Amino acid sequence: MKIRNIEDLIAVKEKHYPLIKQRLGHRNGLGLTQIMVCSGTACTSSESQAIRKKLEQELDKHGLKENVRVFKTGCFGFCQRGPIVMVHPGEIFYCQVKPEDVKELVEAHLVKGQLVRRLLFQDENTGKRTPSKDDIHFFKAQKRIVLRNCGLINPEEIGEYIARDGYFALADVILNKRPDEVIDIISKSGLRGRGGAGFPTGKKWEITVAQEENPKYVVCNADEGDPGAFMDRSILEGDPHSVLEAMTIATYCIGANQGYIYVRAEYPVAVERLEIAIEQAREIGLLGNGLFGSAFDFDIELCFGAGAFVCGEETALLHSIMGQRGEPRPRPPYPAQEGLWGKPTLINNVETLASVPVILREGWEWYREYGTATSKGTKVFSLAGKIRNTGLIEVPMGTSLRTVVFDIGGGITGGRRFKAVQTGGPSGGCIPEQFLDLPIDYENLKEIGSIMGSGGMIVMSEDNCMVDLARFYLEFAQDESCGRCTPCRIGTKRLLEILKRITEGQGKMEDLRILEELSFDIRDASLCGLGQTAPNPVLSTLRYFKDEYIAHVRDKTCPAGVCEALLDLRIDEEKCIACGLCAKACAVGAISGAPKQPYRIDPEKCVRCSACVARCPRKAILRGAGREAAINGKAGIFTGAGSPENRPAL
Amino acid sequence: MEKQEFSPGPVVRKTGRLYDNLEKETKKVKLIIDGREVEASEGMNILEAAHAAGIEIPSLCYLRRINEIGACRVCLVEVEMKGMRTLQASCAYPVSEELVVHTSSPRVRRVRKTMVELLLSDHHRECTTCIRNLNCELQNIADNLGIRNIKYTGEKKAIPVQNQNSFIVRDYNKCIKCRRCEAICSKVQEVNVYSAINRGYDTVIAPAFMQDLSQVACITCGQCVIACPTASLTEKECIDSVWEALEDPDKYVVVQTAPSIQVTLGEVFGYPVGTVVTGKLVASLRRLGFDKVFSTDFTADLTIMEEAHELLERLEKQHRLPLLSSCSPGWVKFAEHFYPEFLENLSTCKSPHEMFGALTKTYFAEKEGLDPEKIVVVAIMPCTAKKFEASRPEMGTGNLKDVDWVLTTRELARMIRQAGINFRNLPDEDYDTPMGIASGAGAIFGSTGGVIEAAVRTAYYLTSGQELDILNYEELRGFSGLKEAWVELKGRPIKVAIAHGTGNARILMDRLKAGEKFDYAEIMACPGGCVGGGGQPIFGTREHKEISLDYRHNRADALDRIDYSKELRRAHENPAVKKIYEDFLGHPLSDISKKLLHTYYTPRGALPGFKMGGTKGGYAGRGEGNAPPHDSREIKGDEQFVKNHPAV
């Protein structure tokens, strides 16, 4: 069936609404139990699809198929506790479910009507288990606008999106509004580009409309490349239609007929969902010719990126779509003036687009209620690093970093001290403790030497070496540089080499000055955003953690105990039980001792392999500036990490 | 002739839009550069506007309308504008009303210096022994910016120098990634040999998979060499071999100079572009010790005789039309790679310098009683493609190569310097006879449109028995990339076309493919013809740097002046040519001329390195006196070359 008018749309909504209503917490006597299995990338990689199949089998075995239905759904955001299985009615939130738990889950919960307590969420501090999702603080503290459908609907069923008032904004726009009215609403809402730079979205649409050249194109930038960031991926996986609807609206407003979604090929789940979504939208006439009986035609094509970080830069992205090498070009002309095949092209990020339908439905006044003076609405962040609750969260602009890291994020792992949080990925800067209470918005972050970026937040504890961190990001920037302009191609290479020297104990005090000067010059001179922001990690760590640099250069020590060449291994005499295991582990015979006396390490002979550290049963061997050895190195991302093979772990 | 903006043809595009001629855009804008009000045409960039106002902004990657990518970041300027935090590349930033620009603020100077220091930190700085020493854009900029030490140390490229072929040497370690070679190869020549490979610091600009140029569809034109600001791309030098021949008392060394050399060699010695230095050229060659100094213009006349007859014969029989000229070896290789189906349309005439070589070792040797084995023919050419051409196995008789060594204009200039000859003080001398006598028609071979004009002058005479009154087909020359005209021969109109730059050739060939009818077409591989050849002087000195290809006009004008100044302006009037037909060849297209002066072509395919491209089939356009000695679509020429000259 084709949707031709608003009545058709309402009919679809009504058909699917009962299921949604129950998931929203209504006990509406549906006579049906729904099981939502998270099918985002994170849960899928921890076997959520096996769980789903097993569930179906078990239900079949118990003859529950009539009354219990299993659905795929998008990311809940609480990736730390995945795979997640949610049961309605009751909003029962089961965490870290394994395929072997399924049998018990079905027998207890579905057959006997008892909760499986051991799978419920447990608060780490109180030890209390919480059955309902709504009682979990992680969710309570958030305001989910963009992520409103993630974890709620089945992203592979367009009807469920429509039941959530999806495509009603589009219908309203096409049937009742002029393009300039729509753009006006977007402008008034204060929505700014969520891809990083924060350009006002309404303004961008206006500029594109004003171009006389035709045809025009709309491009959705889904080339999310920041290490540790997965906002866009989760939106595409959990709510693809919100992006399609917004693209259709944008296309209608600027007078185009063709859209492209540039998505990373490394996002197979997102790609599959998008393909299904586009197919379904075409089937029921929400993509194609004569939408809602009007003369407006629109279709979307998927373009796959091969994983170059720089292709997230808009001009490089355009080159890539056109089949050229993904390299940026100087602007002006901006893509809004000359984009795909020289035609005006509107490029918006996934999260920006996903905000559009809800703004149009609820009104710009409603949207402006959230946020700060210059940054309106909400922002999705992905939490990663040394934080308890890694995952995806959405909070209003202006929320403080402290709320995000310590309240929603649950604080630092392993009882360590907070050191810094890196926002904006490799292009961002490190924000130290003193700014924890700063409200997050575009301007504030820029002020303190970082950027909003696409919303990645990597939390670092005292176990992280800031010099090593800067080196890690520079390595990334150098790897991902397209090689076109001099400062980015050679400049970041030289920065990296200086940082490598420092982490290897070869640094000179003069290097710190060169590091800073060269960073400023690279920022001023680079062709595109990648190069201009590549020195940010260096500049921000130099600004806030200069003493760590000095410790590396002057004192030849790494306070965090990360930089291997600077490790100063010593035995804590009080802890040592003189078992002699360390001496046996030492391949170079650097450790000596006698029974009942503390052992000693000869620094001349020691090659800093840390074999003794791993062997010591009492953790009595200290690294760095006298701190206890951080054996849990593998839990963190930056503990001596940074080489490309560690990158996927982000 | 009216001076036109040099147009590389309609193929250079800026983000999808065709360039319009700047002259046509009359709208002027006023902007402020360094506190001075400057007027500029809309559509110009800041660098051009400043240049026009006498403010020089240093640049490395910029080549007007060909490479405006803002990659080197040396031309950075400060643009005063709200929200503008970074510096802007002036070569890519369009002018606009009331724009305020600072080209030399402390910040600009500091960053510029850093950029050049960074480039130098990754550059093999062996200036004193470098082939481009004192003629290097990077060197000049480093000096202009006062760089005395480079504070950045670190990894440096160490890729072996690629010199396996006979025409172009590639040194990746001196490449600054300005991409001018890539731009000229893909946008002007549309051969697309070069592209960026790898990313970040590992980026190299190279043929696919870093293959040697002889393994890809390179047409050897050498435009990339002209475009290179450093010594990353250079011609394959064979100066030493020529010195060796000159020093050998057993050898009789004959030199010939291509038409365009007389108007370009002077540039190296400080003469303005477009100065005719024929007399000094001859004098310098005598002083270098060549036994005979001849002119390729003579065989250009001969080529016209052969080609005009070939044209008339084909018109008569109405087959293998259009006749495509074959005197540009770059174009010939282009056709072999990309349009093998048209090889039979190519004139079977060898290019003039090969004809010259063949005649020297037969006609001249016989006349002078010399042993052909002992004759060494050196050709001074504006061209790297001629180096490749000379190494083709079909360009020879028996074991003897027609031409032994090809020197570019630049190499000759180096030899003159090595010999300590004061070029500017040389007397003017004349070419030796008989192979130094040439008509004006031979001279204009050196610029685009010249071949067809010269051939038409003769063909007209041959068909009507009358001399053509108006000798200048101006519409045939000039610099637009692709021209066409109707000419009347025997009362019948024939359609001729002229293309220069293989990008334009591609357009013409695609039109032919689509079924359009032409009778005769002249195609030159290099933009501007031989005056823009890949072996011509490069402007990289501090006094003389070019940011566009416009200078080629002046060289072409000078060739015209040579033509105008001559009594003899038609090839068939050349007494030496008449004599060689009487004494030796008989008549044009005779059996002996077919054997000595004509050749055949080899389809090579667009991906020669993969042994899969190309069309199957025989040897199109085979000269009757010649049979293909080998069956191959590979580039045998170079293998042969390497075998014959292992030391090079």
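Okay, let's begin with the core. The largest nonpolar core here has 377 residues, and Val243(A) and Ile249(A) are the ones with the most contacts inside it. Keep in mind that we're looking at a predicted model. As a bit of background, nonpolar side chains in soluble globular proteins tend to be buried together.

So what is Val243(A) in contact with, leaving aside its neighbours within four places in sequence? You'll find Cys220(A), Ile235(A) and Leu236(A), and then Val350(A), Leu353(A) and Ala354(A).

Next up, the place where the chains touch. Chain A gives 30 residues to this contact and chain B gives 33. On the chain B side, the elements giving two or more residues are α2 (106-121) and β9 (194-197). Which of them gives the largest share? That's α2(B), with 6 residues. If you sort the chain B side by class, you get 15 nonpolar, 11 polar and 7 charged residues.

Now stay in chain B and look for an open sheet of 4 strands. Its order is β13-β12-β15-β18, and the pairing is parallel.

Let's zoom in on one pair. β12 (residues 252-257) and β15 (residues 375-381) of chain B run parallel and are joined by 6 bridges. Here Gln256(B) stands opposite Ala379(B), which belongs to β15(B). Finally, helix α11 (residues 352-368) of chain B packs on this sheet and touches both β12 and β15. The helix direction makes about 155° with that of β15(B).

Definitions and conventions:
Residues are numbered from 1 along each chain as its sequence is written. Chains are lettered from A and ligands numbered from 1 in the order in which they are written. This is a predicted model: local features need pLDDT of at least 70, side-chain atom pairs count only at pLDDT 80 or more; totals for chains, interfaces and linings use all residues. A nonpolar core is a set of buried Ala, Val, Leu, Ile, Met, Phe, Trp, Tyr and Cys residues joined through C-beta atoms within 7 Å. A residue is buried if 20 or more other C-beta atoms lie within 10 Å of its own, exposed if 12 or fewer, and partly exposed in between; C-beta atoms are placed from the backbone. Two residues are in contact if their C-beta atoms, placed from the backbone, lie within 7 Å. Ala, Val, Leu, Ile, Met, Phe, Trp, Tyr, Cys and Pro count as nonpolar, Asp, Glu, Lys and Arg as charged, and the others, Gly among them, as polar. Two strands pair if DSSP finds at least two bridges between them. Axes are lines fitted to C-alpha atoms, for helices over the stretch in contact, and angles run from 0 to 180 degrees between N-to-C directions.
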